[in-house]
Amino acid sequence: MNPIAQELNNTIRQAAPHVYEMLSDMGKKLFFPRGILTQSAEAKLKAYRINATIGIARQGSCVLSLPSVTKYITEIEPDNYLSYASSFGLLELREKWLKELYVKNPSLGGTAVSLPIVTSGITHGVSILSDMWVNANDVIVMPDMIWDNYDMIFRVRNSARFVTYKSYDDALTHFNLDDFERVIREQAAHNDKIITMLNFPHNPTGYTLSKEEAARVAQILIDVAQKGTNVVAACDDAYFGLFFEEETSKQSLFAKLAGKSSRLVAVKLDGPTKEDYVMGFRTGFTTYGVAADANLEGVYKALEKKTAGCIRGNISNCSHLSQTILVKSMQDENYKTLKQEKFDLLKSRATAIKEVLKDPKYAEGFDVYPFNSGYFLCIRVKGVNAEALRLHLLDKYGTGLISIGEDNLRVAFSCLEEKDVKTLFDIILSGINDLR
């Protein structure tokens, strides 16, 4: 094992031995190299005469650039987007995002967490999570309805085992806390380590836990950890902030889990992708919340370096341009007002859908899963196959939806104009009646 990795491992093991136990085999081997990057950083500070260390083409004092590129970006200097960003991400952006975490999650106040590491979108963050914390045959507790890419990231790439709980009660009225607790405790009784993905607002159903449900989920995981099972709780907060109803919990579960037990690693996976409507920027963040016997700062620095090493050994670093624009956007005096406008638009669509679906005629064709947030809702069709219905809706009505399993269809109201809401659900009902 590389001596730098051993040094990072020793820091974690001495201060937080259970955190070290939870790292995957790869996670224990990861480190941030002190080679070219470290030497270049030293040269940047001290090479006042000539600096010939890093593979960036320069001319005079500026990065070499093509006017055919730079003419499209008029308010940012080329050095602020054409050169490489750090594998950790731009420090200014990381610090701004950390500050906002505490604003968005007031109950996190007083709890020290790591400085976020910039990832290439939240999907990349999930992949890093898998590399750092998941070994082959590790158990990951998942809801029975999940974002399909989890399968590729965890099971195909890292050979994890999924154990599922039923997401909702049979009547589709609320989150199935009882089954969540049953599966978590069963797996904790049979495994030294369990991992769970906490994805709220949920993809594909668009559900966020109520305040009471969120408190109970956190209590279950903390209790399991305190009773001796190592727990990695990953909060996939891709749609964070898009909470449309009063009773929903408007803070990440990360805030309820970070630092609560020496056997609990909380990982927050979030970013501006959906929060700031920059899907193509491919910028996300990974943040850790752990408890340590001593030297918590050192543990966080070690985890940050392992995460940056994972990035360095995969994509090297994330888009400098995207990060620079995000810093400037967050500095804009109208930033929060502009975000509120987009939130209000999505909330209006969700509200319109709930009003339309009050019509009892739709109950003849499908049930609606509870939804109160995010981008999506799901319906459970009656008497027809969901995939057959999806194809029929495409072929006969020119209408596209996503089928999930044999019974479910996902509707992305994020891209559905409000005027089209009733038309869409009337089409779905017609398609179901066609196939019966």
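Two strands are taken to pair if DSSP finds at least two bridges between them. The model described here is predicted.

**Sheet and packed helix**

Four strands form an open sheet in the order S10-S11-S13-S12, and their pairing is antiparallel. Strand S10 (366-368) and strand S12 (402-404) are the edge strands, each pairing on one side only. From one strand to the next, the twist averages 30 degrees. S10 and strand S11 (residues 376-381) run antiparallel and are joined by three bridges; Asp367 has Arg380 in S11 as its bridge partner. Packed on the sheet is helix H16 (residues 386-397), which touches S11, S12 and strand S13 (408-412). The direction of H16 makes about 45 degrees with that of S13.

The largest pocket holds about 1200 Å³ of space. It is lined by 35 residues, of which Lys44, Ile54, Ile56, Ser83 and Tyr84 are the closest to its centre. Helix H4 (36-46), helix H6 (91-104) and helix H14 (320-331) each supply at least two lining residues, and H4 provides the largest share, six residues.

The second largest pocket holds about 490 Å³. Among its 16 lining residues, Lys104, Phe240, Gly241, Lys339 and Gln340 are the closest to its centre. Two or more residues of this lining come from each of H6, helix H12 (272-275) and helix H15 (335-356); H15 gives the most, with five residues.

The classes of lining residues are as follows.

Conventions:
Residues are numbered from 1 along each chain as its sequence is written. This is a predicted model: local features need pLDDT of at least 70, side-chain atom pairs count only at pLDDT 80 or more; totals for chains, interfaces and linings use all residues. Side-chain values use heavy atoms; hydrogens and water are left out. Axes are lines fitted to C-alpha atoms, for helices over the stretch in contact, and angles run from 0 to 180 degrees between N-to-C directions. Contact means heavy atoms within 4.5 Å. On a 1 Å grid over the protein atoms alone, a cavity is a set of points where a 1.4 Å probe fits but cannot get out, and a pocket is an open set with protein on both sides within 12 Å along at least five of seven lines; lining residues have an atom within 4 Å of a point. Grid points are joined across faces, edges and corners, and a volume is the space filled by probe spheres set on the points.
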